[in-house]
Amino acid sequence: MSEQENPSRDQFKRTMKTRHLVMLSLGGVIGTGLFFNTGYIISTTGAAGTLLAYLIGALVVWLVMVCLGELSVAMPETGAFHVYAARYLSPATGYTVAWLYWLTWTVALGSSFTAAGFCMQYWFPQVPVWIWCLLFCVAIYLLNIISTRFFAEGEFWFSLIKVVTIIAFIVLGAAAMFGFIPLKAGGAAPGLSNLTQHGWLPHGILPIIMTMVAVNFAFSGTELIGIAAGETENPQKVLPLAIRTTVARLIIFFVGTVLVLAALIPMDQAGIVKSPFVVVFEKIGIPYAADIVNFVILTAILSAANSGLYASGRMLWSLANEKTLPRCFARVNKRGVPQLAITVSMLGGVLALLSSVIAPDTVFVALSAISGFAVVAVWLSICASHYMFRRRHLAQGRALSELVYRAPFYPLTPILGFVLCLLACVGLAFDPSQRIALWCGIPFVLLCYAVYAATHKKSQAEEANDAA
């Protein structure tokens, strides 16, 4: 597609640096799943099973990210993977991927604002949740609407709080494991004894397969690097560095956190309502442990909302830029921000927020199920797009040396990534609590294909009439 056909593309400001890109990706991943759900996973799969599931999840993330890296370095686009899916799979697939991803983050906005309101009620029980929701809506909207650099700085500091907390947690927890810090309740340092107290795999392999699905969702957000490619300084240099450092840090943070949690919390005590982070901080004797973790979870939630509004706004812009939505959504203001696309996405988040209050057992549950399904569907499209991109590149007689960044072990990388993501989708069918994701997600995908076919035929007919 030529520059003339895409007049709005260069209006985005390339203001994101490596630190912004890395923290944007980490901010999308490190959330309440890590802070709360890990205790439940340990209780169902055991310590060794949880570590294995997270290591497999980290492998999937690495496979998807190196595929995305090759695509985004070769073609740094705002909107990224839906553009690649349209170009290398089919226009209808690209359209479907964009709407799936837009819905993922728009629903996340509604749930994030609700959760942030509940966090604030911990300190201010007299203030209604809706007031906090409104305040956070305005704050996140302003962070995104002022400028991309302002958004990136906000996300950098949100994410930094979480990263510092996790590093402190791993260091203090490891010190308590081996007796360098005495436990508050007394007794000997547990070392690694809790890891094998109930056997390596106390409930067998099946719970690990089910946990892999949840772990894939926990790692979602890394693909934000691809969305931000079109607004990054020197993407050929910055994107590979951001991908390498992001994946390495995620493995250290997730696996390190799980190792400390599993070592300090016996399997039969994990999975309780209280956050496992609070339990460990209390065991070590950190004062105000619950307040500290509540604050960190609040920043995690606001960070996810900040990333979510950015991602959903860019998806609407990209759909309009590819001429599948009205051109007004492709306009950016003088600060390089797609103001209308962000505003509409925020309104979608407010509707999701209302549905979480008015119809939590129907509409919001269905939307949330589609949201979870959509993440893995997007990863599937990234692997498939990379496979077709490399094949077409070689079929055109072009040399591999032309690619500044190449995913290693092609074609194994995209194929294995695709298969593991597909297994995660199939795994949903075996979990009654997550099966609704398939019942809602698959019809939504079919609906997107049908809508694209109908609107595309209509636009083709209009173009034919204009030509006549």
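Visitor: Which residues does N294 touch, not counting residues up to four places away in sequence?

Guide: In this predicted model, N294 touches C119, Y122 and W123 once those sequence neighbours are set aside.

Visitor: How far is the backbone oxygen of C119 from a polar atom of the N294 side chain?

Guide: The backbone oxygen of C119 and a polar atom of the N294 side chain lie 3.1 Å apart.

Visitor: Is N294 buried or exposed?

Guide: N294 counts as buried because its relative accessible area is 12%, which is under the 20% cut-off.

Visitor: And where is N294 placed?

Guide: N294 is in helix 12. That helix covers residues 289-321.

Visitor: What is the reach of helix 12 from its first C-alpha to its last?

Guide: Helix 12 reaches 48 Å over its 33 residues, close to the 48 Å expected at 1.5 Å a residue.

Visitor: How many residues of helix 12 are buried?

Guide: Of its 33 residues, 28 are buried, and helix 12 is thus described as mostly covered. T299 also has its place in helix 12. T299 is buried, with a relative accessible area of 4%.

Visitor: What does T299 touch, leaving out residues up to four places away in sequence?

Guide: T299 touches F158, I161 and K162.

Visitor: Let us turn to helix 4. Why does its span agree with what 33 residues should give?

Guide: Helix 4 takes in residues 91-123, and at 1.5 Å a residue its 33 residues should span 48 Å; the end C-alpha atoms are 49 Å apart, so the two values agree. Helix 4 is mostly covered as well, with 25 of its 33 residues buried.

Visitor: What about helix 3, how many of its residues are buried?

Guide: Helix 3, residues 81-88, has six of its eight residues buried. The buried residues are F81, H82, V83, Y84, A85 and Y88.

Visitor: Changing topic: how many salt bridges does a search of the whole structure find?

Guide: The search finds two salt bridges. In one, R390 pairs with E70, and the closest N and O atoms are 2.8 Å apart. This pair links distant parts of the chain, since R390 is in helix 14 (residues 363-395) and E70 is in helix 2 (residues 32-74), 320 residues apart.

Visitor: Are R390 and E70 buried or exposed?

Guide: R390 counts as buried at 5% relative accessibility, and E70 is buried at 0%.

Visitor: What is the other pair, and how far apart are its closest N and O atoms?

Guide: E402 forms a salt bridge with R398, with the closest N and O atoms 3.2 Å apart. E402 is partly exposed at 44% relative accessibility, and R398 is partly exposed at 39%.

Visitor: Back to E70 for a moment. What separates the C-alpha atoms of V404 and E70?

Guide: Those C-alpha atoms are separated by 8.0 Å, although V404 and E70 are 334 residues apart along the chain. V404 is in the loop between helix 14 and helix 15.

Visitor: Is V404 buried or exposed?

Guide: V404 counts as exposed because its relative accessibility is 62%, and the cut-off for that class is over 50%. Apart from neighbours within four places in sequence, V404 is in contact with V73 and Q236.

Visitor: Which residues form the nonpolar patch on the surface?

Guide: The patch is formed by I415, F418, V419, L422, L423, V426 and F430, which together have about 630 Å² of accessible area. L422 is in helix 15, residues 412-428. L422 is partly exposed, with a relative accessible area of 41%.

Visitor: Why might residues three or four places apart in an α-helix point the same way?

Guide: An α-helix has 3.6 residues a turn, so residues at that spacing point the same way.

Visitor: Among contacts with a separation of 6 or more, what share comes from residues 24 or more positions apart?

Guide: Residues 24 or more positions apart account for 80% of those contacts in the protein chain.

How values were computed
Residues are numbered from 1 along each chain as its sequence is written. This is a predicted model: local features need pLDDT of at least 70, side-chain atom pairs count only at pLDDT 80 or more; totals for chains, interfaces and linings use all residues. Side-chain values use heavy atoms; hydrogens and water are left out. Patches are made of residues with over 30% relative accessible area and no salt bridge: like charges are joined within 9 Å, nonpolar side chains (Val, Leu, Ile, Met, Phe, Trp, Tyr) within 5 Å. Accessible areas come from the Shrake-Rupley method with a 1.4 Å probe; for residues, only the protein chains shown count as cover. A salt bridge is a side-chain nitrogen of Lys or Arg within 4 Å of a carboxyl oxygen of Asp or Glu. Helices (H or I, at least four residues) and strands (E, at least two) are DSSP runs, numbered from the N terminus. Buried means under 20% relative accessible area, exposed over 50%, partly exposed in between (1.4 Å probe, protein chains only). Contact means heavy atoms within 4.5 Å. A polar contact is a pair of N or O atoms within 3.5 Å; within protein, one must be able to donate a hydrogen and the other to accept it, and residues adjacent in sequence count only if both atoms are side-chain atoms. The expected span of a helix is 1.5 Å times one less than its number of residues.
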